[in-house]
Amino acid sequence: MSVAEVGTLGVGPGGRVCVVGLGYIGFPTAVFLAAAGHTVLGVDVQKSVVDAVNAGIRPIEEEGLADLFHTALSEGRLRASLKPEPADAFFICVPTPSRPSARFAGRKADLEYVRSAAQALAQVLRPGNVVVLESTVPPGTTSGFLRGILEASGLRAHRDGLAEAGCFYLAHCPERVIPGRIAHELVNNDRVVGGLSREAAVRAADLYASFVEGRITLTDATTAEMVKLMENTFRDVNIALANEFALVCEEVGVDVWEAIALANRHPRVFIHRPGPGVGGHCIPVDPWFIVERSPETAALIRQARAVNDGMPAHVVDRAAGLLPRGRGTVALLGLSYKPDVGDLRESPSLAVLVGLAAKGIKVRAHDPFVATGSILPSLHGEGGPAPEVVAVASSPAEAAEGADLVLCLVGHRLYRELDPAELVRTVRRPVLFDASGALDRATWEEAGFAVHVLGRPPVTGASFPRAAVGRADGTAG
Ligand code: SAJ
């Protein structure tokens, strides 16, 4: 199949499109489809989200969406509802979290949101409709699980060789956008469209061609599922390798950041960044979707998960070791799962915070993207630390006041640009542990801090000039 076929068969501008799930992926997709001239109905099970969209309030904050959203609303090309309605095409953009598996030591995909979205679609499905699953799923889900639910409508999913009359067209096109750059990547990234038949792939690709400027490549549905899982698993395994290198370097007396930067000068080497763990709703989840299908074979993938999941405990141990008799107050900088976003999902910082508190260490946490008081109720509610042990500060300076250790977990721009000379006056002991690898050591040392870095042996005192060495950089954004 080739991209040249795209643009000839599908739902043209003005067609009715229904997007199920108005979250990080569904909402921007609905906005771009509307901006491309389709009449879009966004569907969500949460009434607050539906009401917000209809009232002109964005359910997610991402640069580049506001104007397109308001234009689409005011021109009547976008509205939201609790239930799907008959349309020409349907996009399923619902979460696929993972839950502990009863079958093996690990996690498996929870497809309940996909099931209920598909059951609702089956009520309104018509012959000739296109259905595209964007949610990340284990290999075989589109052609098995999803097809089965949709075919309960009495219609058949078109397969190569089947007569098209009375059929609907089913495809999987995994989302690939990175939080923080969603609008840009939705338009510019390449897309992989896997159909249950050639026609299904072409018709689905045609819809994307209305707003995607990246290359659209056609394949079968199970390959598209596997491609998505391989992308995120590559990143998870690569980060696990970087983290394991960091642990080894601490033992053998090498600075992992310098070593990775030098190794990455090889034209075929691209080692990612070590850190306090892997968070977000994708990278720590998606590798399990491969493991659940091949638990014995996918041993490396499983081991990588274990390495990354072990990093918060390592950070807690090293931080505790930098405190007098393992006691005192830690100023924890960065709660979100990665730099310059406010997303707390699966954030390793929360595991570090809970781990420190469990050792009786007081924590004053700060994050420029997380409102004071927004995180503590949930932590305390889960049997987490008491409010007198963990507090959220409104500034780095407030967090650092009287602290025995400044612990940086996330390389937010605010922290990279922080003037440590201001903090050194307020801390009780000027000690920094940078587990993000993002801070400039020389600046902190000049300000009077003893600087410790993840992946660098506890003893400081480099004997070679380091200035010419760049930093490892595995971040996409
Ligand atoms: N991280 C490291 N070291 C690195 C890079 C990242 O420790 O070198 C950590 C981050 O701090 C974070 C976690 O990994 O805790 C995940 O962050 P990320 O930026 O790698 O990924 P996500 O989850 O924000 O988005 C990923 C993207 N996938 C890839 O880059 C292959 C995105 O394109 C996908 O759309 C998204 O997953 C998804 O929805 O699947």
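Tutor: A salt bridge is counted here when a side-chain nitrogen of Lys or Arg lies within 4 Å of a carboxyl oxygen of Asp or Glu. The model is a predicted one, in which local features need pLDDT of at least 70 and side-chain atom pairs count only at pLDDT 80 or more, while totals for chains, interfaces and linings use all residues. Residues are numbered from 1 along each chain as its sequence is written, and side-chain values use heavy atoms, with hydrogens and water left out.

Side chains of opposite charge can pair when their charged atoms come close. A search of the whole structure finds 24 salt bridges, and one of them joins E75 to R77, with the closest N and O atoms 1.9 Å apart. R77 is buried, at a relative accessible area of 17%, where buried means under 20% relative accessible area, exposed over 50% and partly exposed in between, computed with a 1.4 Å probe and protein chains only.

Another salt bridge is formed by the side chains of D236 and R305, at 2.7 Å from N to O. This pair links distant parts of the chain, since D236 belongs to helix α8 and R305 to helix α11 (residues 299-321), 69 residues apart; helices (H or I, at least four residues) and strands (E, at least two) are DSSP runs numbered from the N terminus. D236 has a relative accessible area of 1% and is therefore buried, and R305, at 1% relative accessibility, counts as buried too. D236 and R305 are also linked with D309 in a network of salt bridges.

The side chains of R428 and D404 meet in a salt bridge as well, at 3.0 Å from N to O. Here the link runs between two loops, with R428 between α16 (420-423) and β16 (431-434) and D404 between α14 (396-400) and β15 (405-408), 24 residues apart.

Turning to the aromatic contacts, a pair of rings is described by the distance of the centres and the angle of the planes. Rings of Phe, Tyr and Trp (its six-membered ring) pair if their centres lie within 6.5 Å, and planes under 30 degrees apart count as stacked, over 60 as edge-to-face and the rest as tilted. A search of the whole structure finds five such pairs. In one of them the ring centres of F27 and F69 are 5.0 Å apart and the planes stand at 75 degrees, so the pair is edge-to-face. Because F27 lies in helix α1 (residues 26-35) and F69 in helix α3 (residues 66-74), this pair ties together parts that are 42 residues apart in sequence. Both F27 and F69 are buried. W444 and F449 form an edge-to-face pair too, with 4.9 Å between centres and 65 degrees between planes; W444 is buried at 2% relative accessibility, and F449 is buried at 3%.
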